[in-house]
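Open the model in your viewer and keep the sequence panel beside it. The tour goes from one selection to the next and says what is there.

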Amino acid sequence: MGFPNGRRRIAVAVAALLGTVAVAATVYRVLAPAEVSTPARAGYPAAASPSAGVIGRLPVAPLVVDGRLRVYAAHRQVYADRPVDGRHRTTPYWSYRRWPAALDGVVASGTTVVTRWSDGRLVALDARTGRVAWRADGPAPVGEQAVRRTGAATVWDPQGIFVAPAPDGRQVVVAAGAEWARAVDLADGRELWRSHVTVTLPPGDTVAGCRDALGTTASGHLITVDSCAGPATVEFRDAATGAVGLRWRPPDAGDELVATLVGCGTGRTGCTGLRTARPGDDAGRGWLLGAGEPVAAPALDRPDAELVGGTAVAVVDGVAVGRSARTGAELWRRPGLSQARLLAVQPDRVHLLTETNDLLTLDPATGAQRSFFALNVGSDGIGWVPGAVYAAGGFVAVERLRKPVDPAADDQRYYLTSEPMVFAAT
């Protein structure tokens, strides 16, 4: 016996409904917003003290955290490996993934790693375990970064997210977007302040994104360039309170202003100097940053000069010269470096790259040599051009680009090898 026509239609409808529900559930599981946290299953590694020289090569850019881990960025994931002086990238010590947001930037302070995502979400991870420490909302990033497969832009030069010290010893995370900024306590993600930066001008025109966040200073200020309602002006905003304590323009500045922070840590944090120039003008003026107005520092006027401690360093006609940033007096010089370039600096080291890709590291206060070795791995050779560079905690990592460099090329042509990062201790 068969079902009557009415019952058959009901059965078919129910089956179709159940099938639709099953498909919807599957689609939801696949496409719904989600996060996957894979915490560490082993003990926190000890700090390493490797001898000076090349450690190894890596396929992606490392961010050294707490002198114990290397943290990396993928499109929708941040993860860490160990030991920090491992020759190759190893199985992740911990990892954290979000969907469908993309990873936009990573900053770290102490044992806390803060990630910023394309939807503006801030997620802090405990580097010792990989577990989520806190979550907070923030402004969406401005535009999209051009990030190649190494992820160097995400971990070495994140845009719009910074760390700054507060007067009471706390660390502050500041996230800036096109129309507003938010600051939270690094320890727990608690909001400290938020500021909307969209300005309405008569007769009602709205200018969005007219404040450009440059980075933070060692004295705990967020530096922005404000061009909302007049000539471009440098603002010094207290990172802990959000209050603007100083608005400053260099003497003889035009309506437009190009400002570049120098003497910074990774991600333009803890900066101690500033260089200002007119748009399209190579000639600039250097300034030291402190508690009050910037102080002129002519030794930083050169666009290729770097600031480390109180020393301004530049390579002039094949001679590396260290000068007092405050007085301009010569402190030391290192001749015989034709074709050498100033590669990077960190608080107690100046790194120079010779024409044969040897890495020379000097003491910034005295110019004394700390180490010297070929920046070469295996049979890769020295026929490459440096790309993005990272220097922190005594380590140096350099992207190796294929000659001649073609910025428009795909990654396979752009990089020297499939493991383009050379990682060294200095």
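In this tour, two residues touch when they have heavy atoms within 4.5 Å of each other. The model is predicted.

**Stop 1**

Select Val78. Not counting residues up to four places away in sequence, Val78 touches Val71, Tyr72, Trp94, Ser95, Tyr96, Leu103, Val106, Thr115 and Leu125.

**Stop 2: an edge-to-face pair**

The whole structure holds 6 aromatic pairs. To see one of them, select Tyr96 and Trp117, whose rings are edge-to-face. Their centres are 5.9 Å apart, with 70° between the planes. Tyr96 belongs to strand 6 (residues 94-99) and Trp117 to strand 8 (residues 112-117), so the pair ties together parts that are 21 residues apart in sequence.

Is Tyr96 buried or exposed? Tyr96 has a relative accessible area of 0%, and buried means under 20%, so Tyr96 is buried. Trp117 is also at 0% relative accessibility and counts as buried.

**Stop 3: a stacked pair**

Next, select Phe395 and Phe423. The ring centres are 5.3 Å apart and the planes are at 10°, so this pair is stacked. Phe395 is in strand 34 (residues 395-402) and Phe423 in strand 35 (residues 421-425), so parts 28 residues apart in sequence are tied together by the pair. Phe395 counts as buried at 4% relative accessibility, and Phe423 counts as buried at 0%.

**Stop 4: a charge over a ring**

Select Arg148 and Tyr414. What sits over the ring of Tyr414? The charged end of Arg148 does, 3.8 Å from the ring centre.

**Stop 5: a buried threonine**

Finish with Thr224, in strand 18 (residues 221-226). Its relative accessibility is 5%, so Thr224 counts as buried. Show the residues around Thr224: leaving out those up to four places away in sequence, Thr224 touches Asp212, Ala213, Leu214, Thr233, Val234 and Glu235.

Key. Residues numbered from 1 in each chain as written. Predicted model: local features only at pLDDT ≥ 70, side-chain atom pairs only at ≥ 80, totals over all residues. Heavy atoms only, no water. Phe/Tyr/Trp six-rings, centres within 6.5 Å; stacked < 30°, edge-to-face > 60°. Helix = DSSP H or I, 4+ residues; strand = E, 2+ residues; numbered from the N terminus. Buried < 20%, exposed > 50% of the residue type's maximum accessible area, 1.4 Å probe, protein only. Lys NZ or Arg CZ within 6 Å of the ring centre and 35° of its normal.
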